[in-house]
Amino acid sequence: MAVLRIAFIFVLAIVSLNLRCSISSYERPPPRSPVFISRDQSFGSTSPEQVHISLVENDKMRISWITEDPIQPTVTYATSPGLSNSISATGTSSSYKFIAYNSGNIHNVVIGPLNPSTTYYYLCGPSNSTLFNFTTPPSDFPIKFAVSGDLGQTGWTQTTLEHIAKSNYDVFLLPGDLSYADYNQPLWDSFGRLVEPLASQRPWMVTQGNHEVEELSVNQTFISYNARWQMPYGESASTSNLYYSFQVAGVHIIMLGSYTDFSVGSEQYNWLKSDLSKVDKSTTPWIIAVIHAPWYNSNFAHRGESASVDMKAAMEDLLYNAHVDIVFAGHVHAYERFTQVYKDEADKCGPVHITIGDGGNHEGLATKFIDPQPAESLFREASFGHGTLEVVNASHALWTWHRNDDDEAVVTDQLWLQSLSSRAAEC
């Protein structure tokens, strides 16, 4: 199957759309109404909901879910739907209070070791609960990532999720702005229910955006996000859930925090410097960074913000010197792909910067770009959609952006990328 998959990808290269353009003939879609998914009244007080999974180290998975009443946080799992020869693991439970809101019981259980490219069936909590399943990523190339930021909860979000579900992805990367709860805590619950069909079957790796800040005081920020979306920060020697890294199938992925201290000498800066120094390009030839606020942006939206300008000034050298291949960002509600760039100029040894804040949120699209289009900006369009990155081997990956065109996922921008590790002599 892997051979056929690679062959199919190389056939696609023949029609690769590596074009420098800004499509103006496409009629942008109108906004769609917000979607709120309430709790299923048929659920019992210990029934799992808002189930999502995330990678932990190379062969483990974190299972996260919420119940109304307290339960023993246990996951039972096996490779057969009958759960024969099952294994059980126990984790932790927590809750939080946000002004007058009291969360449900949030459970986190790490299971493993797990085999790669294997489907597991699992129960969250009591044996009479819903049977879920997930498939682990491969341990080697090829591996496929789905990417989309600024999801929110609208009709467009639902369509984006439907398209991602059909993409046969292994891991989902979300560069911030998840629920758009903005202090309205029941929207976090609604979002968890909305994404559960996907997030319970494939690992979702997320970082925070400005809509996750939810500041109550100087020392009370990201309360909801940190409680609900625990990522493997401790495993990557980070002290904060707001920035971390993980490795999967020869790809090292760094999730950075655009809204926590990133200045030179800060904890995040020092962690990033240390993390990058540990990457072994002989076994991990690809490095991807994920941020929320884009460092390169030719849209009028969010230009000049500290989270973009100051973070770039502090950290761009670290990413460039480590030969990071791609930087994904959200925040701007449009799609834009830059060439390899460093210090505001095209550079064959710099990363490709891609803004993909086009998941479908209620704020709508950022339709105004600066004119003329900068030479470094190769493709830009204000449309909802999602992207896929299929890393075929140590040297080549296929990036594809799909426009959400009247509820159809239409390939609109596509190109082959070559890893900087495979061009070490040049860089």
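I count a charge as sitting over a ring if NZ of Lys or CZ of Arg is within 6 Å of the ring centre and within 35 degrees of the ring normal. With that rule I looked up Arg32, whose charged end sits over the ring of Trp156, 3.7 Å from the centre. I also noted Lys312, which lies over the face of Tyr296 at 4.1 Å from the ring centre.

Ground rules, for the record. This is a predicted model, so I note that local features need pLDDT of at least 70 and side-chain atom pairs count only at pLDDT 80 or more, while totals for chains, interfaces and linings use all residues. Residues are numbered from 1 along each chain as its sequence is written, and side-chain values use heavy atoms, with hydrogens and water left out.

**Cavities**

I took a cavity as a set of points, on a 1 Å grid over the protein atoms alone, where a 1.4 Å probe fits but cannot get out; lining residues have an atom within 4 Å of a point. Grid points are joined across faces, edges and corners, and a volume is the space filled by probe spheres set on the points. I got three cavities of 30 Å³ or more.

The largest cavity holds about 80 Å³ of space. I listed its lining as Gln50, His52, Ser64, Trp65, Ile66, Ile106, Trp188, Gly192, Arg228 and Trp229. Strand 2 (49–56), strand 3 (60–67) and helix 3 (186–199) are the elements that each give two or more residues to this lining; here helices (H or I, at least four residues) and strands (E, at least two) are DSSP runs, numbered from the N terminus. Strand 3 gives the most, with three residues. By class I have five nonpolar, four polar and one charged residues in the lining of the largest cavity. For that sorting, Ala, Val, Leu, Ile, Met, Phe, Trp, Tyr, Cys and Pro are nonpolar, Asp, Glu, Lys and Arg are charged, and the others, Gly among them, are polar.

Trp65 counts as buried, at 1% relative accessibility; buried means under 20% relative accessible area, exposed over 50%, and partly exposed in between (1.4 Å probe, protein chains only).

The second largest cavity has about 40 Å³ of space. Its lining includes Arg32 and Trp156, along with Pro31, Thr154 and Phe384 among others. I sorted this lining into three nonpolar, five polar and one charged.

**Aromatics**

I found 19 aromatic pairs in the structure. Rings of Phe, Tyr and Trp (its six-membered ring) pair if their centres lie within 6.5 Å; planes under 30 degrees apart are stacked, over 60 edge-to-face, and the rest tilted. Tyr122 and Phe134 have ring centres 5.4 Å apart and planes at 55 degrees, so I logged the pair as tilted. Tyr122 is in strand 10 (residues 119–124) and Phe134 in strand 11 (residues 131–135), twelve residues apart. Both are buried. I see Tyr122 and Phe134 again in one aromatic cluster with Tyr77, Tyr120 and Phe132.

**Asp40**

I placed Asp40 in the loop between strand 1 (21–22) and strand 2. Asp40 is partly exposed, with a relative accessible area of 35%. I checked Asp40 against Thr284: 244 residues apart in sequence, and 43 Å apart in space, C-alpha to C-alpha.

Definitions and conventions:
1 Å grid on protein atoms, 1.4 Å probe; cavity = no way out; pocket = protein on both sides within 12 Å on 5 of 7 lines; lining within 4 Å.
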